[in-house]
Amino acid sequence: MFMRHLATSLVALAIASPAMADFWSDAAAPYQGVTIRGVSESTPPSNYVRDVLAPQFTEATGIQVEFETTSWDQMYDKAIKDMEAGSGIYDFVYIEQDAIYSYLSRDFLVDMTQMMADNPALVNPAFDWANFTTFIDYFKDPNKNDHVFGVPMEAFIKVYLYRKDLFENPEIQASFQEKYGYDLAPATTFQQWRDIAEFFTAYGQETGQELYGTTVQAASGHPASFYEFWESVAPLYGVYDWGINQETWTASVANGGRMNSPEAVEALTFWLGLLQYAPPEATASTWDEVASSFAAGRAAQGLVYGENATWIATNAEKSSVVGNVGVALPPTAEGVMEAAQSGEGYIGYYDGGAFGIPHSSANKEAALLFMQYIAQPELQAGWAEAGGRIVLNSTYEDPKVQEIDAKTDSYFTLMKDSGALFAGAPPYPFHNQVREVSAPFIYEAIIGNLTPQEALDQMAAATEAELKNLGYTAN
Amino acid sequence: MTRPGQRWTTFAIWILLSLLTLLPIWWMFLVSVKQRADLFGKPSFLLDVSSMTWDNYASVITNPSFQKYMLNSLIVSTANAALVCALGLLAAYAMSRYRMKGKDNIFFWVLTNRMAPPAAFLLPLYLLYTGVFQAGEWSLFDTRIGLILLYCVLNLPFAFWLLQGIIDGIPAELDEAAYVDGASTWQVLRTIIIPLAGPGIAVTGILTWVFAWNEYLFASTLTSVNARTITTGLAEFVTVTGTNWGQMAAVAMLTLLPAALVLALVQKHIVAGLTFGAVKG
Amino acid sequence: MRSSTTGWLLLAPTIAVLVLTGVLPFLYVLAISFFDWNLFAVNPEPRWAAANNFRRLVHDAEFLKSIWLTLLFTLWVVASQVILGFALARLMMRDFPFKKVFRAVHTLPLMIAPIAVGATWRLMTVPGLGPIPYYLKDWFGIDYRLSMFPDQAFASVVVMDIWHWTPFVTLTILAGLSNLPQEPVEQARIDGAQEWQIFRDIVLPAMKPVLLTTIFIRIMDALRVVDEVWMLTQGGPGAETRFIGLHIWKIVFPKTDYGYGSAMSLLTLYMTIVICWLLYAAMTARKDRAS
């Protein structure tokens, strides 16, 4: 009891200590009354920044924050246009991990390491890049001595979610055992994933429930389906980095790539095969709809982005499966797990983003203060609760986070222990360009206009043509 | 002339047609006042007053970005309609009353501006607005003035066409008589053309206002934050809320409301206004 | 007719504004179309490409498909709207109670922003929420899913456009019909002509200018449709409702392929102008003969 009191007082002391208060108000003194503007995707972590952290920062510094949270497409549209046009509307922008390479190639962003070295008065003495998890490595530019260009604000893994209440129901277990000859458990092989999907779709029909076997993020006109396939499913079959050979910049097997390899075809065939066991909205589902479907209790299992895992498991206002969510690593093909453990492969998307400062901003100093403010360790736990995100090593140890961990079937522990098995998007400055030419073949395969083999053959050819247009390969 | 039996069959047919017209809008209204839990299940077209809620509207109206978008739309549409009517009137008067070489070609050229697929002009306009039409820090990108000017491409040809038909309908002898009495061009416009073309100008103004209010593609491309209009707000809102259908419906209802009010205003004149000068042949 | 100098002065502001926002962009897009220019290429600067972009277009299956779909869409909606609009205008000419109210209701869709029209129809068609999928399943056993079945998506987009724009056709034709001289019709009735004969020999020929104008405007607008389709289907499933406007947008913005997108814009613009010019020529030829 005494120890706990002591701890609380120490924390209170730390927050209230004059040295700390002095830093924020002193450093911000020249920027009193300045308004900084930022833009991000409307996700739980970003909304927490807007609603909680930004007002706190304003109170501590007198710097106003206008933080806009909008849709994924709009966020890119606005941020890229602003940086490209140099209009200086935004002082900080959200950089999704897969966009950093494009931004760096266009030199959109301020070198934070350099800026902090040049302006010691703006650096919080307690700030240390070493506090961050390895996720920060994605925002370092190897061509510039690993200088940092974005302060990580969220990181998740795309995990396999399943319905514990269904999986642990003895009657269901017995009937599953009878039908398939093995015990019902979170899938570790693709065959099990498919069997479970088939089983629960049939179970939903028999019991007259709106229940389906699995979620599939298979929007037939939105890149979300491209992402689920290349970032989550293909790697489970051992096809990494979209099957593009980064030495020769080729994609087809004939030219040394793996985009249309037998493993990729097998992966696509399997993934499309899941559609028959997915809710009818699957072919219109992006990440948001997948999360909603699972939260509405319409699916027994599926791959769901981690940013949604905590609210699905804990927020009874939005989710009807609170307390019934199980978390596990996704099933893998033979040898893939070993490859991931040895660092040669990965088993899914290490998703997340950072805040960066555009060159076009007129309030870089105030923005830099804000970046450091929200990276303070003592602010992380509440943020993790709201958004399921962790970017500092110390956050895992926080009692509040451990409490949530228990409610979410150890999602945070899984991320801490197995995060290294996941990987961010490959370092392609041409990310959007190749996605735009490739994704239509995934759409065509979803609606059955192309077989998996045809889709991947044509996709590889289109990708190679695009890489040639962009100047990666000679004519 | 219409036989009494026919009178009532026609009436019945129009009831049916009106139901078809109103059904989607009514459905949207229903979704906008339903509580989240009541959305799914067997769709009913009846309004359940007991479980009705205005929360969706409240949360939309109190949203500061929504208020800003609404204001932007009002300013842009009104300024554009005024500008277009003024310019269009002068041009239409010139076209109707003056002998000019290549008049027909000019007329067709003006119209081609409206034919162009908007997507074809998105890129050059975006590049011009962000990089060329600028003075120091200031550029046309993301400004209301930028949109007001731009909507001229869409609306000016239209206004020009409508107004020319209307002015053609005013006997030229009237202004000739005034000129003989020593009136200036400006006086003729003010004392003869504008009063006589009044209703036509009003219809033109209101229709161009509605077009500007309704435009989406250019607004979404050429603005990012400050000058966003209500239609881009709607699109943005839909993608943000994802599956929050109630709020999406509320925004859409609020977007179409002004246009519906405008319709009530011009209802009487709209048919006459839409002849495009074609009727007289 | 008065001196042309004043006339040009009166025209000048209109021409100036249209040069600024119409001609300049046109020249700009023309210039860019001869370059390879993608911001995220190895070399992000424009590189001279002569006519390569245009050559590529001719073999671009996605582009050709998009053009074909756009034309098909235009044909479907304009034909349906003209037939429907004519029928409704004639119905509107009759005498019946609450005529003004019905006319106002019928005009309503015309005033709604296309993007809101898209939102409206999306609410009608969302699986699990919308009445269309529910009742199609319940009454006819049809599995309706826009995101899965290309024909359904295309048909839905066509129906939406008919709902949205038929009132425009009705109103313009109504304006034409109300201005039609009644004597020839009365005379023909007295002479004992059948109603369909009157329609074919007197009403239809007299309505030709109005019809042509209406068709002209509708084709122009149908070819440029983007907003409501984007809202309803996002161009999907696959690329089955990815009409040319949406296609160009995707090439130019998410893909930042400026040179190629410009060439595509130009070719589309050219095709639109040719189609419109033909119609315009038909309209003015008739006008000249009449006057």
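1. A word on terms before the tour: two strands pair if DSSP finds at least two bridges between them. With that in hand, look at the open sheet of three strands in chain A, whose order is 8-7-9 and whose pairing is antiparallel. Please keep in mind throughout that this is a predicted model.

2. Which strands of this sheet stand at the edges? They are strand 8 (301-304) and strand 9 (325-328) of chain A; each has a single partner strand, so one side of each is left without a neighbour in the sheet. From one strand to the next, the twist averages 30°.

3. The pairing of strand 7 with strand 8 deserves a look of its own. Strand 7 of chain A covers residues 159-163 and is joined to strand 8 of chain A by four bridges, the two running antiparallel. Across strand 7 and strand 8 of chain A lies helix 12 (residues 287-295), which runs at about 145° to strand 8 of chain A.

4. Val159(A) turns up again when you turn to the nonpolar core. The largest such core has 324 residues, and Val159(A), Leu268(A), Phe370(A), Leu234(B) and Ala252(B) are those with the most contacts inside it. Which element gives the most to this core? That is helix 6 of chain B (residues 144-168), with 16 residues. As general background, nonpolar side chains in soluble globular proteins tend to be buried together.

5. Once its neighbours within four places in sequence are left aside, Phe370(A) is in contact with Ile36(A), Phe57(A), Val65(A) and Phe92(A).

6. Now the neighbour, chain C. Here 23 residues of chain A are in contact with 22 residues of chain C. On the chain A side, helix 5 (100-105) and helix 19 (431-446) are the elements that give two or more residues, and helix 19 of chain A gives the most, with six residues. The residues on this side of chain A divide into nine nonpolar, ten polar and four charged.

7. Finally, chain C itself. Its secondary structure comes to twelve helices and two strands, and along the sequence the pattern reads α-β-β-α-α-α-α-α-α-α-α-α-α-α. The C-alpha trace of chain C spans about 80 × 70 × 30 Å along its principal axes. Of the 291 residues of chain C, 50% count as buried. Among contacts in chain C between residues at least 6 apart in sequence, 72% join residues at least 24 apart.

How values were computed: Residues numbered from 1 in each chain as written. Chains lettered and ligands numbered in written order. Contact = placed C-beta atoms within 7 Å. Nonpolar A, V, L, I, M, F, W, Y, C, P; charged D, E, K, R; others polar. Axes fitted to C-alpha atoms, helices over the stretch in contact; angles between N-to-C directions. Buried ≥ 20, exposed ≤ 12 C-beta atoms within 10 Å, placed from the backbone. Core = buried A, V, L, I, M, F, W, Y, C linked by C-beta atoms within 7 Å.
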